[in-house]
Amino acid sequence: MVNFPPMETLDAARLQMAVSMIFHIVFACIGMVMPFFMVVSHYKWLKTKDKAYLSLTKAWQKGVAIFFVTGAVSGTILSFELGLLWPKFMLHAGPIIGMPFSLEGAAFFVEAIALGFYLYGWKKIKNQWFHWFTGLIIGISGVASGILVVSANGWMNSPSGFEYINGEFLNIDPVKALFNEAWFSQALHMVLAAFTATGFAVAGIHAWQIYLRRNIAIHRKAFTIALSFGAVAALFQPLSGDISAKDIAVRQPVKLAALEAHYETGKGVPLYIGGIVNEEKKEVTHKIELPKMLSFLAFGDFDAEVKGLNDFPEEDLPPVAITHYAFQLMVGLGTLLALLAILFFVSRKKKSLLRKRGFWLVFALAAPLGFIAVEAGWIVTEVGRQPWIIYNIMRTKDSVTPMEGIEYSLFIFTFLYILLALVVSWLMSRQITVFNRQNNSR
Amino acid sequence: MTTVVFLFLFVSIYFYLIFGGADFGVGILELLSSRKNRKVTKKIAYQIIGPVWEANHVWLIIVIVIMWIAFPNYYYIITTQLHIPLTLLLFGIVIRGTAFIFRHYDAVVDSSQSIYNKLFQYSSMVTPFVLGVSAGALISGKLIPVNTMEDYSFAEAFIFPWFNITSLLMGVFIASLVAFLSAVFLVGETSGEEQRIFIKRAKKANMSVAFSSLLIFGYGFYAEEVFIDHFFDNILSIILVIIAASLLVPIWIYLAKGKKVVIRVMVAIQVFLMLGAWAQSNFPSLIITTEGPVSIYENMAGEAVINSIAYALLAGSVLILPGLFHLFKSFGLFKVLPAPEKK
């Protein structure tokens, strides 16, 4: 028998939250962005009466239904888990960040209603443009939900809308909490990320089908719609990343220092690319240094002073290595996707590219990259905020549930999520097989 | 504004109970059906519940969000001590929702369908049961006041609050109730032989509802539970329960005749009365602990928070209710209500 060391409730709870978020974010992004692809394809069907667009719309609609449900149930889990795992956090933060959550509830409700109309309305709704419009509502309310939830997360990074006096949260102003300083940069970054990740993932799946020479005509239509969204978002993302970096440089300097693994305070400090972090010795080896770039990127001034990790109290430091690696991964993948976006736009002009199989293979291989970047980005923002659950106000360890044995619920939830992910992937592959078969026989 | 929030909380619980409940009930009916009838139930379930089931379950999220925003102290007690049943509830919700959609949208119809069916049916049974158990825990008098939690053992703090006779009976009660709701609902959607099946099913479920509620009261008397005192100290709640109980007679008569509109309305009223009696008799102490009732006014969120959530709810409902109404209307689920004005 192997004896595992007993797991601390705090670690188990953090892991369970992480696992839930990692899965939810994928389902939620797809559920939020795919309706737009579906609506565009639907629009083209109504305008051109090209049957290919109709069958594409119907195929994507099934994807939307499946991902909406998995997104909705995993979101329900998260809304409970906030209380189940972090009851002290919710006891105080619940009323303050209630505004985005209650509005999110409303947006989610609208989305569910619109989804009901759309999915079941093909024959029932007489006005086909109204039917199309309900599809658009799904997408818009989905994005609204996403922005609101991210705003709540923004509040954890940049708590506002209350006065913290002697451990009590007084004079609560929910509207101010909703429009906390982090909400805009975070929401912008997340919405663009969702479009990038989903666009590249969906386009990648269709590119793979084209690479395999299956129903090339229809998959190319799908590829173009999905990647048009993904590529535009990918090109804007570096800009939004710059806004975020400048934002946290001011608001959460310790997070900036952690994600750059920047230990020594100094002026005109370099930016590290890659590198291995040694948290014990507080140093980074094997890195590439870009002189003065960190100062420039953080403050727009090559000689600006950037505070290093050594100047923050030990107990306020987040895990540096994870944050740094995740950040590197996110930025690296984001850059790669932006380059692929350019390749895509070039291919719109230079059609000869589309005849090369390698072109399709590249995009097929890029399918998961956007989501890996999204996950890495959430690791940066969540791990980078530690040890705080509410930045500079409440520590994560002080908010965890007194319930024991959280590791068991962690195991079961992890199992459930992995199973769910496998089943959803399997269902998607079946959808594609059937889709190919149907469109062949026609 | 506090009243508005209470009202929304009540209405959301009510809608979740009748709409979400009917939706759970379909799964229970499917589970308890013979092989032949199961097919019929399943087919009707798609037609009826497909378009609206997502919306039905959003009510639960609304309830949770109202709880944590406006009544954080209650939410704290519930999420810490009812950790286990709530976790089971989550498993149930996930499995049920995904199985329902998967069986509908799986591109290939093969043996995997029977797995989806099983998962859907069993989780439809377990989920309302644990929901009932959690609701029962609030009045069972076994929850412990938060500030003294360190003085209690693990079992006392995290198991007994919900693993007790009142809670478990509540679980049975809620599971029977949703099966009843759903059977009544399906009576209205069928005719002939199929309808007779659901009439029979509705009667059985109804007996189970009546029996379990008698058991809850009986046990409450026997164990001298606080919720029984609350109930008998409150004339209005007694009247509400008496009306609700006496509605059973016409419900059975009209059920036998297959009058779909009348029974739906009456059953909806009945549930309303029962929920009303519960709220009325316990309000404002909706949670009863080992050391007596805890008022919902204790540690309620501040005025600014209550106002903001009230406005958010009002604004949201302006947006949501017409849409929801149209959704129900479009898919013929509103036959029971006075015909809405033609567009």
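Two residues are in contact when their C-beta atoms, placed from the backbone, lie within 7 Å. I needed that for my opening look at chain B of this predicted model: of its contacts with a separation of 6 or more, 80% are between residues 24 or more positions apart.

**Chain B overall**

I looked up the secondary structure and got 14 helices and two strands for chain B. The radius of gyration came out at 20 Å, close to the 20 Å that the globule rule gives for 343 residues, so chain B is as compact as a globular protein of that length. Its C-alpha atoms fill a box of roughly 55 × 45 × 45 Å along the principal axes. I also checked burial, and 52% of the 343 residues in chain B are buried.

Mean pLDDT for chain B is 78, with 92% of its residues at 70 or more. I marked residues 334-343 of chain B, where pLDDT stays under 50. The model has 10 contacts beyond four places in sequence for that stretch. For the complex, the predictor gives an ipTM of 0.79 and a pTM of 0.85.

Chain A has 15 helices and eight strands. Its radius of gyration is 23 Å, close to the 22 Å from the globule rule for 442 residues, so chain A is as compact as a globular protein of that length. I got a span of about 70 × 55 × 45 Å for its C-alpha trace along the principal axes. Buried residues are 53% of the 442 in chain A. Among its contacts between residues at least 6 apart, 76% join residues at least 24 apart.

**Where the chains meet**

I found 51 residues of chain B in contact with 51 residues of chain A. Which helix of chain B supplies the largest share of the side that touches chain A? Helix 14 of chain B does, with 13 residues. Helix 3, helix 4, helix 5 and helix 7 of chain B each give at least two residues to that side as well. I sorted the residues on this side of chain B into 37 nonpolar, 12 polar and two charged.

**Cores**

The largest nonpolar core has 258 residues, and Cys29(A), Phe37(A), Ile66(B), Ala183(B) and Ile309(B) touch the most other members. Helix 1 of chain A (residues 9-48) gives the most to this core, with 19 residues. A second, separate core has six residues, among them Leu240(B), Val241(B), Met274(B) and Ala277(B). I then went back to Ala183(B): leaving out residues up to four places away in sequence, its contacts are Gly25(B), Leu29(B), Phe198(B), Arg201(B), Ala202(B) and Ala205(B).

**Helix 13 of chain B**

This helix runs over residues 260-282 and reaches 33 Å from first C-alpha to last, close to the 33 Å expected at 1.5 Å a residue. Its buried residues include Ile263(B), Val267(B), Gln270(B), Met274(B), Ala277(B) and Trp278(B). I kept a general point beside that list: an α-helix has 3.6 residues a turn, so residues three or four places apart point the same way. What covers the buried residues of helix 13 includes helix 6, helix 8, helix 10, helix 11 and helix 12 of chain B.

From Pro85(B), Ile115(B) is 30 residues away in sequence and 24 Å away in space, C-alpha to C-alpha.

Conventions: Residues numbered from 1 in each chain as written. Chains lettered and ligands numbered in written order. Predicted model: local features only at pLDDT ≥ 70, side-chain atom pairs only at ≥ 80, totals over all residues. Helix = DSSP H or I, 4+ residues; strand = E, 2+ residues; numbered from the N terminus. Expected span 1.5 Å × (residues − 1). Buried ≥ 20, exposed ≤ 12 C-beta atoms within 10 Å, placed from the backbone. Nonpolar A, V, L, I, M, F, W, Y, C, P; charged D, E, K, R; others polar. pLDDT = per-residue confidence, 0-100. Rg over C-alpha atoms; globule rule 2.2 N^0.38 Å. Core = buried A, V, L, I, M, F, W, Y, C linked by C-beta atoms within 7 Å.
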